[in-house]
Amino acid sequence: MMKWQEIRQRYPKAWLLLEAIEAHTEGDKRILESLAVISSLSDSQEAMKAYAKLHQDEPQRELFVFHTDREQLDV
């Protein structure tokens, strides 16, 4: 489990499939406090395919695809 800034340092310039481990909602925003990296992928298409498959198999998990060039997670 890591914070977004830690993930960005460990996986520079990468597409990641992530799971929210600790998260809450404030107003209309989802605040992702702690994340687990499920996989690092080569491009956005591959990342979305991995997301779709895992989400279909385990819809109860809170999954996201982000590129680590993003400074902040606005969900």
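The largest nonpolar core of this chain has 12 residues: Met 2, Trp 4, Ile 7, Ala 14, Leu 16, Leu 18, Ala 20, Leu 32, Leu 35, Phe 64, Phe 66 and Leu 73. Two or more residues of this core come from each of helix 1 (4-10), strand 1 (15-26), strand 2 and strand 3 (63-67). Strand 1 contributes the most to this core, with three residues. A second, separate core of six residues includes Leu 17, Ala 47, Leu 63 and Val 65. The model is predicted. In soluble globular proteins, nonpolar side chains tend to be buried together.

**Overall layout**

- The chain holds two helices and three strands.
- Read from the N terminus, the order of these elements is α-β-β-α-β.
- The C-alpha trace spans about 30 × 30 × 20 Å along its principal axes.
- Of the contacts in the chain with a separation of 6 or more, 60% join residues 24 or more positions apart.

**Surface and charge**

- Of the 75 residues in the chain, 29% are buried.
- The chain has an accessible surface of about 5,000 Å², and carbon and sulfur atoms account for 47% of that surface.

- Lys 13 sits in the loop between helix 1 and strand 1.
- Its phi is positive, about 50 degrees, although Lys 13 is not a glycine.
- Most residues other than glycine have a negative phi.
- Lys 13 has a relative accessible area of 67%, which is over the 50% cut-off, so this residue counts as exposed.
- Ala 14 is one of the residues of the largest nonpolar core.
- Beyond residues up to four places away in sequence, Ala 14 touches Ser 40, Phe 66, His 67 and Thr 68.

- Ser 34 belongs to strand 2.
- With a relative accessible area of 7%, under the 20% cut-off, Ser 34 is classed as buried.
- Apart from neighbours within four places in sequence, Ser 34 is in contact with Met 1, Met 2, Glu 19, Ala 20, Ile 21 and Glu 22.
- Two of these partners, Met 2 and Ala 20, are listed in the largest nonpolar core.
- Ser 39 also lies in strand 2, which covers residues 29-41.
- Ser 39 is partly exposed, because its relative accessible area of 23% falls between the cut-offs of 20% and 50%.
- When neighbours within four places in sequence are set aside, the contacts of Ser 39 are Trp 15, Leu 16 and Leu 17.
- Ser 39 and Trp 15 are 24 residues apart in sequence, and their C-alpha atoms are 8.5 Å apart in space.
- Leu 16, a contact of Ser 39, is part of the largest core, whereas Leu 17, another contact of Ser 39, is part of the second core.
- Ser 40 is in strand 2 as well.
- The relative accessible area of Ser 40 is 43%, and this residue is partly exposed.
- Tyr 11, Ala 14, Trp 15 and Leu 16 are touched by Ser 40, not counting residues up to four places away in sequence.
- Ser 40 and Lys 13 are 27 residues apart along the chain, with 10 Å between their C-alpha atoms.

Notes
Residues numbered from 1 in each chain as written. Predicted model: local features only at pLDDT ≥ 70, side-chain atom pairs only at ≥ 80, totals over all residues. Heavy atoms only, no water. Helix = DSSP H or I, 4+ residues; strand = E, 2+ residues; numbered from the N terminus. Buried < 20%, exposed > 50% of the residue type's maximum accessible area, 1.4 Å probe, protein only. Contact = heavy atoms within 4.5 Å. Areas by Shrake-Rupley, 256 points an atom, 1.4 Å probe, with all protein chains shown as cover. Core = buried A, V, L, I, M, F, W, Y, C linked by side-chain atoms within 4.5 Å.
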